Amino acid sequence: MSATTAAPARRTTAPAITARKGGDPIVSLTAYHAHTARIADPYVDFLLVGDSLGMVMHGYESTIPVPLDLMIMHGRAVMRGSQKALIVVDMPFGTYEESPGVAFRNAARVMKETDCGAIKLEGGRRMAETIRFLTERGVPVMAHIGLTPQSIHVLGGYKTQGKTLDAWAAIEEDAKIVTEAGAFAVVLEAMAEPLAAKITRDIAIPTIGIGASARCDGQILVMEDMLGLSPRVPKFVKEFGKVAEAIEGAIKAYAGEVKARSFPEAANTYALAEPDGPSKAAKKPKSPGA
Ligand code: KIV
């Protein structure tokens, strides 16, 4: 490296996440933008650019219509906003299920165009061959089992998985198979708590719970949901903030001041330059362009 080349920031890697199995809980959130990624980065181990962005930000009814280009655009924004977290980008519906080759082509696009450190895809047993194909070719894969939102039309809706004991074996098998195929971690979404706890005990890679169990190796939530910014949230979400109320309060106050002509006030406006020299404001600008 030349003396003039800046040292790259050290980001968390997929193997570093795997090494956390059974250790300190792994903290993660979704992020879709540079500004929220910047705020979350010091507190999380990884940020997921989830395809939930289709519903949360773009008003789709499900994650199914989300295009790959949209994931890449948001993935780039989250990379620009963060420095230390591992960035994982979701593969959207229709970009990986057809064959390992199609999955590799699209995953390689995501990694080349965003510079993210890993991708996530949904599915257990049925995706094993693809997970192996990708990891053997340099693409770290986070698996996602239990409730897989891209399959809602097959599942018949957003249903909690593993609520009866007879449903456990297939989900446990999914967890074991994605581990054997080389996934570096696995998301367990919306499943009975004792099942998620058992899977966490039984497999060698970290489990990341969302509506699963506090005994998972880590947790993830959709950032907008935990901030209190989403109009409706599933039972498994705890709202840690009241951001929608804060935004509405600020917008209401702004609208009131605009209507009353009390905003902008002197502090927010520019004075005329003094005829015999620059004005005080010009000597000490408060912000670029002041
Ligand atoms: O898309 C997403 O946000 C996700 C999380 C719910 C894990 O996959």
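Where is the place of Asp115? Asp115 is found in the loop between helix H5 (100-114) and strand E4, where helices (H or I, at least four residues) and strands (E, at least two) are DSSP runs, numbered from the N terminus. Asp115 has a positive phi of about 70°, although it is not a glycine. The model is a predicted one, in which local features need pLDDT of at least 70 and side-chain atom pairs count only at pLDDT 80 or more, while totals for chains, interfaces and linings use all residues. Residues are numbered from 1 along each chain as its sequence is written, and side-chain values use heavy atoms, with hydrogens and water left out.

A further backbone feature is the cis peptide bond that joins Phe263 and Pro264, with omega at about 0°; Pro264 lies in the loop between helix H11 (243-259) and helix H12 (280-283).

The ligand comes next. The residues around it, each with a heavy atom within 4 Å of it, include Thr30, Leu48, Gly50, Lys120, His144, Glu189, Ile210 and Val222. Also among them are Asp51, Ser52 and Asp90, and each of these makes a polar contact, a pair of N or O atoms within 3.5 Å. A polar side-chain atom of Ser52 lies 2.5 Å from an oxygen atom of the ligand, while for Asp51 the corresponding distance to a ligand oxygen is 3.0 Å and for Asp90 it is 3.1 Å. Taken alone the ligand exposes 260 Å², of which the protein buries 95%, with areas computed by the Shrake-Rupley method with a 1.4 Å probe.

The space taken by the ligand is the largest pocket, a pocket being an open set of points on a 1 Å grid over the protein atoms alone, where a 1.4 Å probe fits, with protein on both sides within 12 Å along at least five of seven lines, and its lining residues having an atom within 4 Å of a point. This pocket has a volume of about 1,000 Å³, and of the 39 residues that line it, Met55, Val222, Asp225, Pro234 and Phe236 are the closest to its centre. Among the elements that each supply at least two residues of this lining are helix H3 (53-56), strand E4 (118-122) and helix H10 (223-227).

The second largest pocket has a volume of about 400 Å³ and is lined by 24 residues, with Val27, Ser28, Leu29, Leu221 and Met226 nearest its centre. Strand E1 (26-30) and helix H2 (34-40) are among the elements that each supply at least two residues of that lining.

Conventions: A polar contact is a pair of N or O atoms within 3.5 Å; within protein, one must be able to donate a hydrogen and the other to accept it, and residues adjacent in sequence count only if both atoms are side-chain atoms. A molecule sits in a cavity or pocket if more than half of its atoms lie within 2 Å of its grid points. Grid points are joined across faces, edges and corners, and a volume is the space filled by probe spheres set on the points.
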